[in-house]
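Subject: Structure handover

Dear colleague,

Please find the structure below. My notes on it follow.

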Amino acid sequence: MEINEIFGDVLRIDGFLEKVDEKITGAGYNPQKDALIGLSICRDDNYRALRKAILTRYGAGYFSLETLGALLPSDITAYGAMSHHIPSEGIAVIMILPHIGIDKDGRVRFVERFGRKEPGYNCGAICNYLNSAINGNVFYDKRSDPEMALLSEAMEPFRNGIMEEYRNGDFGKAVIKATDHIYEISIERIRQLFKEHLKNEFEVPILLAGGIVVNTKDNDFIQLRILEEMK
Ligand SMILES: [Zn+2]
């Protein structure tokens with residue numbers, strides 16, 4: 001199947017959450033009762049199956065860390081709020097899961113969307129950034145478009161490398177590379193935030209689960225990259 005050729009071993013959403021639950025249980029907690037998920041995903045409605053699965057699986061549900069493009073926010077106030085929402089003597093799992101799409105013709109960057117006639121960009125924010133880079137103008141106004149401005153700023157050191165993939169003639173590979181960078185920047189950011197600001201904020205253990213969500217017309221898959229205890 002095409003998806004494995006591009007993304008290697010991938011899990012279905014349930015398979016991914018089972019692995020997370022094993023980790024929660026291994027740490028001595030009850031996933032259903034003790035866990036709050038900090039969900040760092042894109043705002044996209046295409047995460048509906050993941051959101052639904054989390055809401056039905058974990059009593060506390062999730063604390064939203066969503067942004068356009070799924071770049072992990074660095075607002076320490078948000079994490080402070082989240083730290084006060086974890087069940088007492090419970091555990092938190094921060095999930096960092098940017099996304100990418102493949103349509104039924106195997107085109108990476110598109111996906112058939114619910115109720116839409118034609119496949120659309122997925123992740124739309126990352127493709128929007130890429131088109132801006134192709135057009136040579138990655139400026140987004142901080143007041144009217146703050147999330148894209150932050151995304152563009154964070155991606156700047158990697159812009160040339162991403163554009164190289166594009167110049168090699170493959171928009172899909174450029175999207176994969178850009179998505180990888182969003183993921184890596186986010187992982188580095190959460191580690192940095194914990195080191196500098198949040199170590200004492202969270203009084204409970206924190207797990208980090210990271211990977212790339214691959215949206216297709218009928219199912220979503222997760223390329224799991226990290227599942228570890230962060231604190
Ligand atoms: Zn998106």
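**Notes on the model**

The residues that cover the buried side of helix H7 belong to elements including helix H6 (124–134), helix H8 (159–167) and H9. Contact here means that the C-beta atoms of two residues, placed from the backbone, lie within 7 Å. The helices (H or I, at least four residues) and strands (E, at least two) are DSSP runs, numbered from the N terminus.

This is a predicted model: local features need pLDDT of at least 70, side-chain atom pairs count only at pLDDT 80 or more, and totals for chains, interfaces and linings use all residues. Residue numbers start from 1 along each chain as its sequence is written.

**Helix H7**

H7 spans residues 146–155, and its buried residues are Met148, Leu151, Ser152 and Met155. Seen down the helix axis, these residues fall within an arc of 95°, so they line one face of H7. The arc is that of the directions from the helix axis to the C-beta atoms. A residue is called buried if 20 or more other C-beta atoms lie within 10 Å of its own, exposed if 12 or fewer, and partly exposed in between, with C-beta atoms placed from the backbone.

**The chain overall**

There are nine helices and nine strands in the chain. For 231 residues, a compact globule would have a radius of gyration near 17 Å, and the 18 Å of the chain agrees with that. The radius is taken over C-alpha atoms, and the globule rule is 2.2 Å times the number of residues to the power 0.38. Along the principal axes, the C-alpha atoms fill a box of roughly 50 × 40 × 30 Å. Buried residues make up 39% of the 231. Of the contacts between residues at least 6 apart in sequence, 71% join residues at least 24 apart.

**Val175 in H9**

Val175 sits in helix H9 (residues 171–198). It counts as buried because it has 25 C-beta neighbours inside 10 Å. Leaving aside residues up to four places away in sequence, Val175 touches Ile100, Val108, Arg109, Ile126, Cys127 and Leu130. Gly124 is 51 residues from Val175 along the chain, and their C-alpha atoms are separated by 10 Å.

**Helix H2**

H2 (residues 13–26) has 14 residues and should span 20 Å at 1.5 Å a residue; its end C-alpha atoms are 20 Å apart, which agrees. The expected span is 1.5 Å times one less than the number of residues. Phe16, Leu17, Val20 and Ile24 are buried in H2. Down the axis of H2, its buried residues fall within an arc of 90°, so they line one face. An α-helix has 3.6 residues a turn, so residues three or four places apart point the same way. The face of H2 turned away from the buried side carries the exposed residues Asp14, Gly15, Glu22 and Gly26. Gly28, with a positive phi near 95°, follows H2.

**Strand E2 and its partners**

In strand E2 (residues 35–40), six of six residues are buried. Ala35, Ile37 and Leu39 point one way, while Leu36, Gly38 and Ser40 point the other way. E2 pairs in the parallel sense with strand E4 (residues 91–96) over six bridges, and with strand E3 (residues 62–64), also in the parallel sense, over three bridges. Pairing requires that DSSP finds at least two bridges between two strands. The bridge partner of Ile37 is Val93 in E4 and Tyr62 in E3. E2, helix H4 (residues 48–57) and E3 make a right-handed β-α-β unit: with the strands pointing away from the viewer, the path from the first strand over the helix to the second runs clockwise.

Regards
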